[in-house]
Protein chains: 2
Amino acid sequence: MTTVQQAEKFVLAQTQDYGTETVPFELALGRVLAVDLKADRDLPPFNRATMDGIAINHQAVEEGMNNFHIKATQAAGDEPISIEDKGLCIEIMTGAALHASVDTVIPYECLEIRNGQATITVDTVKKGQNVHLKGRDKQEGDVVAAAGQKVTPAIISLAASVGAAHLQAKKLPRVMIISSGDELVDVADTPTPYQIRRSNNYTVKAVLTKHAIHADILHIPDDPAITRKQLAHSIQNYDVILLSGGVSMGKFDYVPKALDELQVEKLFHKVSQRPGKPFWFGRHQSGVLVFAFPGNPVATFMCLHRYFLLWLNATLGLLPTPPVYAALARDFNFTPPLQYFLQVTLNFNQNAQLIATPVEGNGSGDFANLADTDAFIELPLEHSEFKTGEIFRVWKF
Amino acid sequence: MTTVQQAEKFVLAQTQDYGTETVPFELALGRVLAVDLKADRDLPPFNRATMDGIAINHQAVEEGMNNFHIKATQAAGDEPISIEDKGLCIEIMTGAALHASVDTVIPYECLEIRNGQATITVDTVKKGQNVHLKGRDKQEGDVVAAAGQKVTPAIISLAASVGAAHLQAKKLPRVMIISSGDELVDVADTPTPYQIRRSNNYTVKAVLTKHAIHADILHIPDDPAITRKQLAHSIQNYDVILLSGGVSMGKFDYVPKALDELQVEKLFHKVSQRPGKPFWFGRHQSGVLVFAFPGNPVATFMCLHRYFLLWLNATLGLLPTPPVYAALARDFNFTPPLQYFLQVTLNFNQNAQLIATPVEGNGSGDFANLADTDAFIELPLEHSEFKTGEIFRVWKF
């Protein structure tokens, strides 16, 4: 059977490039930058007062002066005002640009102002104090956010600052989410005692929403002709198909046969993991990828995070983010020869160590715990006893 | 001066309750549940086959039988089919409901099927194997997600399963984001050499978007009449006003005066912190709250995360989430008598300990680093030397 590591390799070998597109910067949250975002001028673009007070030439202080005649008041945004001699000062506001003739700002708190004269009331005035020097943060042409970074509120701030009203972002795949099975009824419908409501499509869609993808959803009944027709349509119109259900060995699982008929090449089927053992992955010659997750909600949820999002991040060229590790809060045994993805809650102890507390489900169909847990901890296939304090990788959801 | 702890207390004392509203479950991502979400029936609602294969009565195995006549095939969603004697079995599909006369499922992998007879090819068959028992995850009426939980994809899944097509969510505050200052031009405009582009409004809006709030934004010029008029309008039409800029001691800072005239009571002004020392917080008699952040982007960003989001979570009744702690990666000194919020990158070491690496900015106006950092680490006011390995609270952004 395919191991988790092999499955990961197969999936990452199918990384695609869907190109780039222009996105208004305010709508780019969560998108991945396709090109470096550069400073259009120095940041700050001028020697900038960081306090309200007076601007002086520090040499005056060095020469023992502590009393200055206020020549003028300069607001932020005003053209800088010069002083012609060291006995003068400019009353200056936060954000204003200093003229080359002044280099130091003394805040109101350290001044007494009377009759147009400002007197320093403190002992020490450091040269250059309360001045944010031109180009100190970034110089014109410097990269302020790199290609491959995910657009955060901070990057939106930088985009605004450097005048990038539009950003070049990596194009997202067009995703169709499909569930199948006659036992599944819609949320608003009343199931018979032997049916359940379908939930996987909505879960998958919600996870994708968090990753800036607006996917379509579809439910297919257990009918071979409809299954084939709908899958063919999706292959024509989407880049990725995320299926849930219909991939086990059941007599009414028409999905694998339809995919085969539609020439979707199986890259693997079944992974030595729990949940998610029946996970099927394939590729159409057109490049369309099919992630066929098992029908049970926890399996779909795990595979989506462990495989699809990994593939998505690679496809979008997202810069690698450091993996998350946690220490087991208690001993845990798992004997089947499968890599186990155990649901855990996460919290930090007083030593800043991330602690994973297992919340045991009742088999892979138990998704009720997902609402109260934070992550899957990945317990290696090679072991069956896992001890308190042992460190493993976790996949937050 | 107000300490960070006092400021936090003042802010949390103004927690509001904006009531609840009904939200379609697919659109509820990120909202806070106002009432418990309960199971409308047992989960699972019947004894559910978790593998494809045959369903038998385990007593048959106990009595030494290993060969069964297939009475019928039952798909998921079908009415359960009984067996009248132990020599019979039902060919059953994953997700199907077991009849009371069968209790154990043997998967195809452990069977040989020929001429309507299924023969077990393995030595051990455990009673109840591959059956997910009715009510094992949750019983009818059990809480599947509690009031105060933030709606995650997992909760959307549960909502779908229990037929909650609409959820009761806490109402969000109506938020107006306002910047001020004539030195600020719009993103698409070309600034003079002494102006900069405004960015704070967009940053704040993006952070709020991540918290499901769609806020309005507005820029006010440095004009006392317009400032007053616009603030009055916002007080009438919003629950919270988030200001940035215009709250220092500058001559053109018309905001404090306008707020005073509009009878917004100042609850504190200036906090012993860096960045964000000039932070102003007040309340109108109508209950409208005004968070007036300093104009520099890092200060606004920090105060938004440290105070506003804290207030928002309390206001929405969000269940407390465990705080995040990290260990300093290197020594750091900060002598001013202020609580310092240092920008850091975060990563886990091999011991699953969260490590915070300081990225020193160039004063509080330096927001260029925000794109490359992950959090603020909060360094207590009482100390000025912070050593490698010491643990402090971090505020992720």
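## Backbone of chain A: positive phi

In this predicted model, Lys270(A) lies in the loop that runs between strand E18 (264-269) and strand E19 (273-274) of chain A. Although Lys270(A) is not a glycine, its phi is positive, at about 85 degrees. Its relative accessibility is 23%, so Lys270(A) counts as partly exposed.

Ala352(A), likewise not a glycine, has a positive phi of about 65 degrees. The loop that holds Ala352(A) is between strand E24 (339-348) and strand E25 (354-358) of chain A. Because its relative accessibility is 0%, Ala352(A) counts as buried. Most residues other than glycine have a negative phi, and most peptide bonds are trans.

## Cis peptide bonds

In chain A, Leu43(A) and Pro44(A) are joined by a cis peptide bond with omega of about -10 degrees. Pro44(A) sits in the loop between strand E2 (37-38) and strand E3 (48-49).

In chain B, a cis peptide bond with omega of about -10 degrees joins Arg274(B) and Pro275(B). The loop between strand E19 (273-274) and strand E20 (280-284) of chain B contains Pro275(B).

## Helix contact between the chains

Helix H3 (residues 153-161) of chain A and helix H4 (residues 200-210) of chain B have axes that come within 8 Å and cross at roughly 155 degrees. H3(A) is therefore roughly antiparallel to H4(B), and their crossing is right-handed.

On the H3(A) side, the contact includes Pro153(A), Ile156(A) and Ala160(A); on the H4(B) side, Tyr202(B), Val207(B) and Lys210(B) are among the residues involved. The contact comprises seven nonpolar, two polar and one charged residues.

Definitions and conventions. Residues are numbered from 1 along each chain as its sequence is written. Chains are lettered from A and ligands numbered from 1 in the order in which they are written. This is a predicted model: local features need pLDDT of at least 70, side-chain atom pairs count only at pLDDT 80 or more; totals for chains, interfaces and linings use all residues. Side-chain values use heavy atoms; hydrogens and water are left out. Axes are lines fitted to C-alpha atoms, for helices over the stretch in contact, and angles run from 0 to 180 degrees between N-to-C directions. Helices (H or I, at least four residues) and strands (E, at least two) are DSSP runs, numbered from the N terminus. Angles under 35 degrees count as roughly parallel, over 145 as roughly antiparallel, 65 to 115 as roughly perpendicular and the rest as oblique. A crossing is left-handed if the near helix is turned anticlockwise from the far one by less than a right angle, and right-handed if clockwise. Contact means heavy atoms within 4.5 Å. Ala, Val, Leu, Ile, Met, Phe, Trp, Tyr, Cys and Pro count as nonpolar, Asp, Glu, Lys and Arg as charged, and the others, Gly among them, as polar. Buried means under 20% relative accessible area, exposed over 50%, partly exposed in between (1.4 Å probe, protein chains only).
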